[in-house]
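Here is a short briefing on one predicted model. Please keep the sequence and the coordinates open while reading.

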Amino acid sequence: MPPALTPATPSSAPPAPSQPAKKSTSTLLQGNHAFPPFYACYLLRSRAAPNSNRTYVGSTPNPPKRIRQHNGELTQGAVRTGRFRPWEMQMIVYGFPSKLTALQFEWAWQKPELSRHLRVRGAGDADLGALFGKDARRNWVERKVAVACALLSLPPFARLPLHVRFFNAETHATYLAVVAANHGGAAGAAASRKGKGRAKVAVSAVPEPLPLIPHTLGTVVDLGGVAGTTGMRELGTPGVTSQDGPIDVADTEFRRGEGVWAKWKEVEGGEWGCALCGADVDLTDHTAFALCTALRCTCLTHLACLAKHYLADPVPAASTPASLSATTPAILPHHGRCPQCRTPTLWGDIVRAAFGRREGVAREACEAAKRRKGRRGKYVPVFANEGEADSAAEHDEEDDDGVDFGEDEERDGAPAGSDTDTDDAPSSPPSSRFSSMQLSTPPKRARVQ
């Protein structure tokens with residue numbers, strides 16, 4: 001008989017050393033989230049023919065750069081926009097609290113017939129089908145504008161601090177026609193459907209009346225274009241770098257303005273208590289307290305206390321859309337009034353200001369570290385502005401061969417027609433990094449080599 005098999009004994013070899021876990025960069029993890037200065041979903045239209053119906057939907061943190069990539073002026077444009085050039089940007093939706101939220105909006109804007117947010121609801125919340133069908137007009141500008149209006153009027157996007165910027169008068173007129181048809185009731189819908197032109201197509205594309213678009217949704221008509229090169233921009237247009245310059249993708253007007261950064265400088269270094277509960281406020285944790293963004297108001301509260309105040313003291317229901325006044329109690333507010341000055345404020349702007357203060361303090365600490373390093377006798381660059389300092393810091397992180405690894409790439413696994421620009425603004429060339437040079441060697445001491 002064959003010998004009996006004995007079970008194998010575990011090996012006495014020492015276990016292999018465990019490799020250190022790779023640090024995740026996911027914005028969903030604790031401590032990794034940041035409110036981006038700018039992230040937008042945009043709508044392009046081909047100008048290859050006068051009445052072209054070809055459109056393209058994408059997302060990017062830098063629309064002025066992205067439109068140049070689509071038109072072939074810069075590399076790494078989307079494959080689908082390689083033909084039917086030139087492309088013109090019609091509108092952008094921006095103000096997303098994260099890149100993930102912008103990608104969700106982009107996907108729903110591209111494929112409304114598949115989005116679970118754009119469904120016709122019947123009695124008992126029964127699903128009666130898609131709000132928008134997949135027909136021959138699904139890629140028309142008018143249909144895309146109607147889909148954007150539907151997304152902005154329905155949760156979850158109706159609860160976000162979003163804004164819309166139009167670069168074309170015709171696209172803005174289409175948006176107004178859709179809003180009038182849905183906000184004016186049956187009479188408004190009938191009057192809009194009797195209109196002429198392509199705006200009638202946009203109104204007829206919505207089979208069911210949509211909820212009211214939040215009154216807090218900000219809209220801007222910027223006829224100067226995304227790059228400001230048309231010469232038609234009106235004076236005082238908000239959110240631009242200059243009268244003939246591109247739009248501001250660094251959120252400088254808000255984050256470095258009087259309502260956020262100047263307000264922080266007023267309270268910095270002091271001892272403050274919450275205006276609602278009276279307890280002390282830790283000014284070192286910017287995401288734990290709120291400062292009123294209204295001018296001439298320094299109301300400072302805990303973020304949790306302000307959220308409870310907003311939920312308990314809401315804005316009158318007459319100005320609140322049905323999509324924001326659901327029977328289910330909200331966990332976070334959408335907007336409310338300051339407990340001190342009673343100014344209506346978006347909750348998203350309160351959180352956006354908190355992240356803006358935190359980033360500003362980190363920028364100051366980085367600049368102070370550079371100055372301390374320069375005292376050792378090294379050449380210290382004197383920057384003309386903060387943008388040059390940030391560009392120089394990015395350039396120092398590049399390899400010695402001068403290759404910039406900040407160039408964006410197409411998002412892996414993106415759906416067809418998706419356009420996601422995941423990079424930050426490119427760093428300035430080395431020749432423009434410094435406005436002057438100075439030697440910080442103490443007197444009567446040799447410079448350290």
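The model is predicted, not experimental.

**Helix α2**
- Helix α2 covers residues 99-110, which is 12 residues.

**The open sheet**
- Five strands form an open sheet in the order β2-β1-β3-β6-β7. Their pairing is mixed.
- β2 and β7 (218-221) stand at the edges. Each has a single partner strand, so one side of each lacks a neighbour in the sheet.
- On average, neighbouring strands of this sheet are turned by 20 degrees against each other, direction ignored.
- β1 and β3 are joined by 7 bridges and pair in the antiparallel sense.
- Across this pairing, L44 stands opposite M89 in β3.
- Helix α3 packs on the sheet and touches β1, β2, β3 and β6 (163-166). The direction of α3 makes about 165 degrees with that of β1.

**The β4-β5 hairpin**
- Strand β4 (residues 119-121) and strand β5 (residues 127-130) run antiparallel, joined by 2 bridges.
- R119 has A130 of β5 as its bridge partner.
- The two strands form a hairpin with 5 residues between them.
- G124 sits in the turn and has a positive phi of about 70 degrees.

**Two loop residues**
- L154 lies in the loop between α3 and β6.
- L154 counts as buried because its relative accessibility is 15%, and the cut-off for buried is under 20%.
- Leaving out residues up to four places away in sequence, L154 touches H117, L118 and P211.
- L154 and P211 are 57 residues apart along the chain, yet their C-alpha atoms are separated by 6.9 Å.
- P314 lies in another loop, between α9 (303-312) and β10 (335-337).
- P314 has a relative accessible area of 49% and is therefore partly exposed; exposed would require over 50%.
- P314 and H335 are 21 residues apart in sequence, and their C-alpha atoms are 7.5 Å apart in space.

**Cysteines**
- How many disulfides does the structure hold? There are 0.
- C277 is in no disulfide; its nearest cysteine sulfur belongs to C274 and is 3.7 Å away.
- With a relative accessible area of 44%, C277 is partly exposed.
- A disulfide needs the sulfur atoms within 2.5 Å.
- C292 counts as buried, at 6% relative accessibility.

Notes
Residues are numbered from 1 along each chain as its sequence is written. This is a predicted model: local features need pLDDT of at least 70, side-chain atom pairs count only at pLDDT 80 or more; totals for chains, interfaces and linings use all residues. Side-chain values use heavy atoms; hydrogens and water are left out. Helices (H or I, at least four residues) and strands (E, at least two) are DSSP runs, numbered from the N terminus. The expected span of a helix is 1.5 Å times one less than its number of residues. Buried means under 20% relative accessible area, exposed over 50%, partly exposed in between (1.4 Å probe, protein chains only). Two strands pair if DSSP finds at least two bridges between them. Axes are lines fitted to C-alpha atoms, for helices over the stretch in contact, and angles run from 0 to 180 degrees between N-to-C directions. Contact means heavy atoms within 4.5 Å.
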